Every structure is written in structure tokens, then in C-alpha cells.
Amino acid sequence: MRTIIFFKGIYDTLDLFTEELGNAFALLGFASFVYDANRREQSKEELLALLEQGSAYAGGREGQEQRFACVTFNNMGYNLNIAPEKGVSDGESRNVWEYYGIPYINILMDHPFHYDRPLKKAPSTAIVLCTDRNHVKYIRRFYKNIRRTDFLAHAGVELGKKHKPLAERGIDVLYAGALPIYTVSEMIPDLTSIEEVDAEAMAGEVLAELVRHPDKTTEQAIEEYVRAVSREEMTEERLANLILKMRFLDSYATSFFREQAVRILVESGIRVTAFGTGWDQCEWSSHPNLDYRGKVLAPEILPLMNDSKIVLNTMTWFKAGAHDRVFNGMLAGAAVVTDDSSYMRQEFTDGKELVMFSRKELGSLPERVSELFGHMERTQELADCGYRAAGERHTWKNRAEYIAECFL
């Protein structure tokens, strides 16, 4: 029986995903080992003992590829090392995944430019799965050391199988997510230290471009600006480094549209219940239609979705992917309203399984939401259709099946 190695104990959201994947792989007949970061030394000892035992059982380390695989999120455990063997002349430690020849399947829930160092230092056995197709292109372009990368969409978690009808739910519109503009400050470099361009001017121009053309990726807007103003050809390495330094603009653009989506509903007379940091810092935070309830852990959002008529989502500047809020909301039996992406348009039909709006037409959002409240029978049908679609195609069991079929 093959054993899947997981990591937990660092981020509550990733722990939730890991637990769901673990359960899904168990149903597929895989065993599991969980490395708990809260008991790091003990977990490492247990893991290495398991791998050594498996090595002996398989008749050598070459057999590890058939017995173990690591499935993790956001690079957790990528640099796990084993002490040098006795008699090894260089005396250097060895990466566990390389040493035992174990596939290291790394699922990135965010844009790759947030993980530059781990990706550059990724083990040679790494397989990187991205939740946006544009992220796959980005890795193939800028991280040549990654031998294999692919697309794996976000997935949803269902809490219980019995869901209240929409008419009996206590929350009208739920938004669960932070405003990153208030937490992104540590990501902003000293713009005056950037030599390639006038970074302060570029920041303003690129952000304005993303607001005007919200279907562009951040890296696309940055590259277009650089190519237009630079007097000399910029190498791929320098361009990648510049995108890395300016990646905070991605969070700024995300935050802008996220705030505008909630604000336009609130100011149109629609009550929105918001969770996550930053909503109490907006200039309009005192509006009576905004019910701000602070920050809660990821598992605590699920029962709130189960008590919501509408779950509102805005992407984390994904243009060819989705967000778990979409699938969590659908699996909670709520009517999901979300901005679109090429992936979402491929998977769903606007007005059938959910409601999709274009960021270019944000002004239509209050009318679309009001229409849902005005025709609750039709809205219930939409929510039911969305629930079935997510349950059939967008659970962590679906993702585990894909991983097992393609990479294990």
C-alpha cells in the first residue's frame, strides 16, 4: 500500500484542505503519514523511521517511488533534510525527497511569485500544481528547475449533508475574506532602490492599468509597462526579479475590487456580513448595512456559509482559476455570486449553477443580487443546481482522484 505524506500545523486553512485530501486518499486506498509542525522533531524522527523501514522492505531506496509520495500545500516541507550519512565525504545534509526519490507534489494556493525562494530551491522530485492556468505558464517561464507543473483547480469542503432552505437562513450576503491592502505593507520594497525603471511611477501606472483592464494579470501589466519604457532589452531574469519586487500590486488590485464589490452592495441597501481583517478600516465601515464580525478561522466559515442565502466571492486576481469560497459556498447550499474567470466560464453557466459578473461591469452587481432576493424560488433552484455541480466535480475527492491518476 502506498503512503501519502502530509504536513499540518502551520496554517488553519491549509490544515482544512489537508484533512479533506487525507480523507479522500484514504477512500482511494492510500495510507497516510501526517507530519505535525507543532511536534516537529518527533514527527521528523517518525517520518525518517518510516522511510528507512520502507527502504529496507523495498530492497533499497530505488523502491521509494513506488511506496511513498508527499502531497503538500504552499511548499510546506520542501526543505526537510536528513543528516549526512556516515562516511559521506562532503558531510552535507540531503533533501529527504531527493534522498529517497519521493515525488514531492506541491499544490500552490497563491501566485508563484509569492514563493520565489522555495520554488528556486525545490527538490528535484517536485511536481508543482497551480490553481490558475496562468500560474502554470509563469512557472514554466521563470522556474526552469521545476521539471513538471500542471493545473489543479481549487476545491470545496462540505459541512454536513442537510442544508436549510435559503428562506430559513439568517445571513443575507456573506463575504469571508480579508482586505489585503491593510496587510501587504511588509511586501513593499524600497521603490527608490529599483534601478531598472522609475518604480514609483510604474507602481501608479500598473495599478491604474489593472483597474482599467481587470482581466490582465499583474505580471502581464508589469511586463507591458517595462517593455514600453525601458531603453534596453530586459533579460528574463531581471524581468522576473522586477515582477517579484512589484508583486504587492497584485494585492492592491485584489483589495480594490474586493472592497468595491462589498461597498456597492452595502450602499445599495443590501446587508453584507463580512469576516476577515480590514473591513473595519474602510472609510465607509460605519455604514449600517455592513455587519463586520472580525476574523475567524477557516473551519468556522463553513457553518456560516450554511446559514447564508448568498455567498459573495471575488478572486485573488486569478484570471484562469477559481477560489475555494466558490466551491465551499456551493457545497453549503448557498447561492454563490462571484466575479468570473476563463476557468469559471468554462465550468459553469451564469444564472444556472451560480451568478457570475465581470469586474468591468461591477455596477450591475446590486441589480443581480437584488434579483436573487426578489425571486427566491428561482434562487433556490440555482443554489440546488450549484450544490449538485460542486458535489460532482469540485470536491477534494475529485482532486485526489486526479492527483492519483496523473502523478502517483
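His-135 lies in helix 6 (residues 133-142), where helices (H or I, at least four residues) and strands (E, at least two) are DSSP runs numbered from the N terminus. The model is a predicted one, in which local features need pLDDT of at least 70 and side-chain atom pairs count only at pLDDT 80 or more, while totals for chains, interfaces and linings use all residues. Residues are numbered from 1 along each chain as its sequence is written, and side-chain values use heavy atoms, with hydrogens and water left out. Is His-135 buried or exposed? At 3% relative accessibility, His-135 counts as buried, because buried means under 20% relative accessible area, exposed over 50% and partly exposed in between (1.4 Å probe, protein chains only). Leaving aside residues up to four places away in sequence, His-135 touches Asp-110, His-111, Pro-112, Cys-130 and Phe-318; contact here means heavy atoms within 4.5 Å.

We turn next to the strands. Strand 10 is covered on both faces, with Val-272 and Ala-274 buried on one side and Thr-273 and Phe-275 buried on the other. In a regular strand, side chains alternate between the two faces of the sheet. Two strands pair if DSSP finds at least two bridges between them. Strand 9 and strand 10 pair in the parallel sense over four bridges, and Tyr-175 stands opposite Ala-274 in strand 10. Strand 10 is also joined by three bridges to strand 11 (residues 290-292), again in a parallel run. There, Ala-274 stands opposite Tyr-292 of strand 11.

Strand 10 (272-275) is also among the elements that cover the buried residues of helix 11, together with helix 1 (12-27), strand 9 (171-176), strand 12 (308-313) and helix 12 (324-331). Which residues of helix 11 (residues 298-306) are buried? They include Ala-298, Ile-301, Leu-302, Leu-304, Met-305 and Asn-306.

A pair of aromatic rings is described by the distance of the centres and the angle of the planes. Rings of Phe, Tyr and Trp (its six-membered ring) pair if their centres lie within 6.5 Å, with planes under 30 degrees apart counted as stacked, over 60 as edge-to-face and the rest as tilted. By this rule the count comes to 20 aromatic pairs. The rings of Phe-6 and Phe-25 have centres 6.2 Å apart and planes at 45°, so this pair is tilted. Phe-6 belongs to strand 1 (residues 3-8) and Phe-25 to helix 1, so the pair ties together parts that are 19 residues apart in sequence. Both Phe-6 and Phe-25 are buried. Tyr-99 and Tyr-100, by contrast, form an edge-to-face pair, 4.9 Å centre to centre and with 85° between the planes. Tyr-99 is buried at a relative accessible area of 15%, and Tyr-100 is buried at 1%.

A charge sits over a ring if NZ of Lys or CZ of Arg is within 6 Å of the ring centre and within 35 degrees of the ring normal. The charged end of Arg-133 sits over the ring of Phe-151, 4.3 Å from its centre, and that of Lys-319 sits over the ring of Trp-317, 3.3 Å from its centre.

Salt bridges come next, each being a side-chain nitrogen of Lys or Arg within 4 Å of a carboxyl oxygen of Asp or Glu. How many salt bridges are there by this rule? The count comes to 25. Glu-209 and Lys-216 meet in one of them (2.5 Å, N to O), and both residues are buried. Another salt bridge joins the side chains of Arg-263 and Glu-283 (3.3 Å, N to O). This pair links distant parts of the chain, 20 residues apart, with Arg-263 in helix 10 (residues 248-266) and Glu-283 in the loop between strand 10 and strand 11. Glu-283 counts as exposed, at 68% relative accessibility. A further bridge connects Arg-368 with Asp-350 (2.9 Å, N to O). Arg-368 lies in helix 14 (residues 365-374) and Asp-350 in the loop between helix 13 (342-347) and strand 14 (355-357), so parts 18 residues apart in sequence are tied together. Arg-368 is partly exposed at 23% relative accessible area, and Asp-350 is partly exposed at 30%.

Finally, the cysteines. A search of the whole structure finds zero disulfides, a disulfide being a pair of cysteine sulfur atoms within 2.5 Å. Cys-282 is buried at a relative accessible area of 6%, and Cys-385 is buried at 15%.
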